Amino acid sequence: MSCTTHFSGHTVVHRLDPRPRVVATLVFAVLIALSGHYRVLCSGVAVGAFLAMLSKLPIRPLAKRLLRLNLFMVVLFLLIPTTSPGEPMFRLLSVPFSHDGVHLAAGITLKANAILLVFTSLLGTVELSSLGHAFHHLHMPAKLTHLFMFTLRYLDVLHHEYVTLLRTMKARAFRPAMSVHTYRTYGYLMGMLLVRSLVRSERIMAAMKCRGFRGEFHAYHHFHFHQRDAVFCLTSAIVLMLFAFVEWISGGVAR
Amino acid sequence: MNEKGNLLDIQGVSFRHTAQQPVLEDVNLTIRHGERVGLVGAIGSGKTTLLHMIVGLLKPNQGQVEILGQTRSSERDFWEVRERVGLLFQDPDDQLFCPTVQEDIAFGPLNQGKNREQTERAVRNALSLVGMEGYEDRITHHLSGGEKRLVSLATVLAMEPDVLLLDEPENGLDPVSHERIRSLLLSLPQAMIVVSHNVEFLASVTTRCLRVEDGKLKEIVV
């Protein structure tokens, strides 16, 4: 397991400053999540698809992601229309699918796809450590940013410890089964992992203190704002405002 | 600081984790400028405890710790110590906690209050000292064991310490990395305490050797 992204590359999107990307993605996600109009939602999906093409996302991992999401959406399409009240749109095996329910499920599906596409193309293409720095420079709460950075750094180490422990269990002929012994063993494994993480965190803290740490982090990384970032900011501002405007003139009634 | 004085003077120090058998008992140790002391001893004999006590991570139950000419007891006393006495930890994964190599090396100098340019210079110098130029943007957890150890040493050297405390710097390294660490230690001007199980290694990098046994320090000839 590794913390680097599947979606690294050298396109213009990859070269953009991560800070405006984070902001634009968040605003986009909020706008799309709150929107109730198909024209906005469909444009959202189109924007997502456009960004995915622009950042030349590899097809297979992206398709895998979309497939997993939309399998879940199939469940929604079966559950929401059959359980929400209202005029039936059609019947399947004599089960009524309500009009409102179908629209609700369709709306959620479009929102989820649009947000996933934009997140993957704008944020999935940032090296994770740069993402942490972007959070820092955007004045996100320091504790959350550090939590994110430390998780990033030590996920690998913990996973390695987990694999090692699991291997030593297997080496002593452990075979998981539906038994109390198995559950107890997994309990011990998790407990041991927790204890090791705690002890390690104490050692890391000690190592940090030895290098003069007194509770304050100083940022070393600095981003540079280029002309292309200004173009990106302007374009995304226009697109996002257009979304908000269309949403507004379409009125309060959905669709 | 008086150049002739002792860098480190520990008198009558005892340490116990719990009420049971003490780890260290009535230990005395003096280190002068330019001295390189090797520490050997069984696992759990108190070698690491001694190093951790020198930088104030552990507090002795008894005795006096004098470092860089001043008696140190409170946490605040050790702030200056930690900026001038560099401790290399046994496990580099504990020491390297930043995503990239240069950020990790910059962590110490930034804590010392150095500005951006001075920090950048410190990062470059430290990397060239350990012969790892060009590793600035590498992801720390993707490095090999030997590379991690050298980068850990760079994070300590970047703070330009007067004394180095090295906890098993050559342990678990392949012969090439081992030799690299050995010649690197020989080229460094600092006074140092080196903990190791490898007596041959200690004989080649230190000027005198001590054995930690039953809570005491004994001078040995290697």
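Buried, in these notes, means under 20% relative accessible area, exposed means over 50%, and partly exposed is in between (1.4 Å probe, protein chains only).

**Ground rules**

I am working with a predicted model, where local features need pLDDT of at least 70, side-chain atom pairs count only at pLDDT 80 or more, and totals for chains, interfaces and linings use all residues. Residues are numbered from 1 along each chain as its sequence is written, chains are lettered from A and ligands numbered from 1 in the order in which they are written, and side-chain values use heavy atoms, with hydrogens and water left out.

**Entry 1: Val40(A)**

I started with Val40(A), which counts as buried because its relative accessibility is 3%. I found Val40(A) in helix α3 of chain A, residues 38–54.

Next I asked what Val40(A) is in contact with, leaving aside neighbours within four places in sequence. I got Ile32(A), Ser35(A), Phe243(A), Val246(A) and Glu247(A). Contact here means heavy atoms within 4.5 Å. I also looked up Leu110(A): it is 70 residues from Val40(A) in sequence, and the C-alpha to C-alpha distance is 9.8 Å.

**Entry 2: domains of chain A**

I checked how chain A is divided. The assignment gives domain 1 as 12–126 + 225–249 and domain 2 as 139–210. These bounds come from an automatic or database domain assignment. I noted 35 Å between the C-alpha centres of domain 1 and domain 2 of chain A.

**Entry 3: where chain B meets chain A**

I then turned to the interface. On the chain B side 35 residues are in contact with 31 residues of chain A. The buried area comes to about 3000 Å², with 58% of it from carbon and sulfur atoms. That area is the accessible area (1.4 Å probe) that two parts lose on being put together, summed over both. Which residues of chain B lose the most area to chain A? They are Asp94(B), Phe97(B) and His141(B), together 21% of what that side buries.

I counted ten residue pairs in polar contact across the interface, both partners at pLDDT 80 or more. A polar contact is a pair of N or O atoms within 3.5 Å; within protein, one must be able to donate a hydrogen and the other to accept it, and residues adjacent in sequence count only if both atoms are side-chain atoms.

On chain B, the elements giving two or more residues to the side that touches chain A are α2 (75–84), α3 (92–95), α4 (101–111) and α5 (116–129). The largest share, eight residues, comes from α4(B). I sorted the residues of that side into 15 nonpolar, ten polar and ten charged. For the sorting, Ala, Val, Leu, Ile, Met, Phe, Trp, Tyr, Cys and Pro count as nonpolar, Asp, Glu, Lys and Arg as charged, and the others, Gly among them, as polar.

**Entry 4: Arg200(A)**

I looked at Arg200(A) in helix α8 of chain A, residues 180–210. Is Arg200(A) buried or exposed? Arg200(A) is buried, because its relative accessible area is 8%. Not counting residues up to four places away in sequence, Arg200(A) touches Tyr154(A), Val157(A) and Glu161(A), and across in chain B Asp91(B), Asp93(B) and Asp94(B). The side chains of Arg200(A) and Asp94(B) are joined by a polar contact of 2.9 Å.

**Entry 5: salt bridges**

Side chains of opposite charge can pair when their charged atoms come close. I took a salt bridge as a side-chain nitrogen of Lys or Arg within 4 Å of a carboxyl oxygen of Asp or Glu. The whole structure has 19 salt bridges over all chains, and the count between chain B and chain A is five.

Arg200(A) forms a salt bridge with Asp91(B), the closest N and O atoms being 3.4 Å apart. Arg200(A) lies in helix α8 of chain A and Asp91(B) in the loop between β6 (85–88) and α3 of chain B, so this pair joins two chains. I have Asp91(B) down as partly exposed, at 24% relative accessible area. A network of salt bridges links Glu161(A), Arg200(A), Arg203(A), Asp91(B) and Asp94(B).

I also noted two pairs within chain B. Lys114(B) and Glu160(B) form a salt bridge, with 4.0 Å between the closest N and O atoms. Lys114(B) lies in the loop between α4 and α5 and Glu160(B) in the loop between α6 (145–157) and β7 (163–167), so the pair ties together parts 46 residues apart in sequence. Lys114(B) is partly exposed at 23%, whereas Glu160(B) is exposed at 54%.

Arg208(B) pairs with Glu219(B) in a salt bridge, the closest N and O atoms being 3.4 Å apart. Arg208(B) is in strand β9 (residues 208–213) and Glu219(B) in strand β10 (residues 216–220), so the pair ties together parts eleven residues apart in sequence. Glu219(B) is exposed, with a relative accessible area of 51%.

Technical notes
Helices (H or I, at least four residues) and strands (E, at least two) are DSSP runs, numbered from the N terminus.
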